[in-house]
Amino acid sequence: MNWPEIVIGGLLLGGLYALFASGLSLLFGTMGVINLAHGDLAVVAGYLVIVLVPFLGASTAYAPGATATLLAFALVIPIFFVVGYVGQRTLIQSSLDRGPMTTLLVSFGLAVVIENALLVNFSADSHSLDLGSFVYSSIRLSDGVSVGWLGVAIFLTAVVVLVGLQLLLSYTALGRQIRAVADDREAAQLVGSDYRHVFGIAGALAMATVAIAGLAFGTYSSFGPASGPAWLLFAFEAVVIGGLGSLWGTLLGGIVLGLAQSFGAAVDPSLGVLSGHLVFLAVLAFRPQGFLPARATA
Amino acid sequence: MTATFGRILAGMRIASRLPRPTSPGSGAVRVTRSRLSARWSRLFAVAVVAVMAYMPYATDPGTTAVLINFLILLTMAAMWNLLAGYAGLISVGQQAFVGLGAYTVLVLAQNGLSPFAAIPLAAIVCGVLALPISWLVFRLRGGYFAIATWVVADVLELVISRVPQLGGGTGAALPGLFDIDPAWITAYTYWAALLVAVAALGMMYLVLRSRVGLALTAIRDNEVGASSVGVRVGRTKRIVYTLSAAGTGAAGALVAVSQLNVQAASVFNVHWSAYMIFVVIIGGFGSIEGAILGAIVFFSLQQALSQYGAWYLIVLGTIAIVIALWQPRGLWGAISGRLHFSFFNTGYWLWPRTDAGEPEATPADAGGTGAAFAAESK
């Protein structure tokens, strides 16, 4: 067994899970709700790229697959941002008005509808996003130990997104508004911040991270209409292992989950997902607050 | 919220007087379980069950097989409604118990027991296994609880599909029924499914009329308030989770018997939870009638749309979203809200006393639902 590669692979995979979990965490932290369609929306981002690439490839005549894919990425993320805002102000806000239970159920209904709509339109075939030779290129660290550029790029993206979110929440006026609304909706409303708009922004940011994570997943592994639930479970496990409500905890949780899956898969390729689940259940049993729970003031 | 809480306190006081609800000491109101005579709804229920029990003689095995699926769906939905509509526990992992029930039947049948005799044992096994599972998943709340139940179901699927004796990932045929005429297997399975559905609904009815039911209503309306007046919240939720798991396990056992084959990817599929959730959203949260009405509507739509493949889940999911947003009490909630009527009387009705001590024709309640403390009240 190639231990260094397993550890590095697990670490990099953890970045991907943390990236994916950050959107889940952001929505829960702001509105106290869980979006069960999180994974399926990420799958939609992947399919959107698949739909866009032929158009972009044709319009930029000379562009090879990878360029068109990157162009599509640049389009999909802002599209998700806008859809996130609009969806939050309409569908999610009206279910929030009914209570957290309704929001949970509406998002579950949405997950089932999305999954089956993808199945009807794109069949059950699996796809992956084409980034050309970049996907296969790797850095050789020493004899027998090499690391794929793709994994490194995804991990760096995850760190940039997490740091960006943390800075946004800590130091900007918008971040202060989001935190204020999360703490006390009515009080924030009284001092002049429209909580519906702030929720909309949080929803838009969460959807943008969903798109980034979905695209990262789509280049890292193949996906099909039914991939969403598994992605949702990984993101959720990263959040709980790390500790609810803390972005750095989420990164740590993602890495723990990534390492667990990587070690499990090294023993037997079919054991990867299961060993991740088992580590999650062990954390739930023995350290239910997670490794880095949010402080009361965070 | 506060008003509802006040009603709970009133309800608790009423409950403590239940043995003598019409005694002179109970003040200006008379308390009854039902508005209509309970005798009529019981008679109606017995008639419906009798007609349903006769169905295998009146129809062909194909129709009977369809009715089996309906009864399984009804049982599962009622058990999910007990969990979510009363204990406020939204689970998207009830397929864990569908699968455990199915595999319990498989294991027992492989060891020579009749699959039909294994159905009640599957319910017991699921109820027992629900205890350690609840210990894990109850550590999380709300949406996180929901996803944790899903993880548990996923773990069970992954573990069981690694056991070669259980057919691994490809599944195993259910032994023990090959020497019976297929038409009779269908009929026996149908009666077993009817028995399970009646037992599950009956269990739900009795639980909701017991102290546990009263505690549940209090918890659902205000958990902190309920625990401050002495309701043991954790214990009550655990009881409900266990009972719901047992009922769902019996339904899962029926899935194994009706398909004569058990495959992990199929019995542990999240679609089971989707069915339960959609039925309850459509029919109505927090009522036994809601699960029945929802199962009838869902099943009719499923049959009508079956030729369109995955489209039926798109249509049913959209309907469920629309109903959750605009008619959150579901179809039965809309009906019973207008007609002040219920078949299964799990709440209480308060009647004002006139001087003669006779109740007036309309029950006294500011809310207009007729029930001062009905389990259906939100």
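Predicted model: local features only at pLDDT ≥ 70, side-chain atom pairs only at ≥ 80, totals over all residues.
Close-up 1. The strands involved are S1(A), residues 138-142, and S2(A), residues 145-148. They run antiparallel and pair over four bridges. Two residues lie between the strands of this hairpin. Gly144(A) takes a positive phi there, near 80°. Is S1(A) covered or in the open? Of its five residues, zero are buried, so strand S1(A) lies largely in the open.

**Close-up 2. Helix H6 of chain B.** H6(B) spans residues 142-160, 19 residues in total. From first C-alpha to last, the helix reaches 28 Å. That is close to the 27 Å expected at 1.5 Å a residue. H6(B) is mostly covered, with 15 of its 19 residues buried.

**Close-up 3. The side of chain B that touches chain A.** Here 31 residues of chain B are in contact with 36 residues of chain A. Three helices of chain B, H6, H12 (271-283) and H14 (311-326), each supply at least two residues to this side. Which element of chain B gives the largest share? H6(B) does, with 12 residues. By type, the residues on this side of chain B are 25 nonpolar, four polar and two charged.

**Close-up 4. The largest nonpolar core.** This core holds 212 residues. Helix H8 of chain A, residues 195-220, gives the most to the core, with 16 residues.

**Close-up 5. The surroundings of Ala77(B).** Which residues does Ala77(B) touch, leaving aside those up to four places away in sequence? They are Met276(B), Val279(B), Val280(B), Ala291(B), Gly294(B) and Ala295(B).

**Close-up 6. Chain B as a whole.** Chain B has 15 helices and four strands. Its length is 378 residues, and buried residues make up 49% of them. Consider the contacts in chain B with a separation of 6 or more. Residues 24 or more positions apart account for 77% of these.

Notes:
Residues numbered from 1 in each chain as written. Chains lettered and ligands numbered in written order. Expected span 1.5 Å × (residues − 1). Buried ≥ 20, exposed ≤ 12 C-beta atoms within 10 Å, placed from the backbone. Contact = placed C-beta atoms within 7 Å. Nonpolar A, V, L, I, M, F, W, Y, C, P; charged D, E, K, R; others polar. Core = buried A, V, L, I, M, F, W, Y, C linked by C-beta atoms within 7 Å. Pairing = 2+ DSSP bridges.
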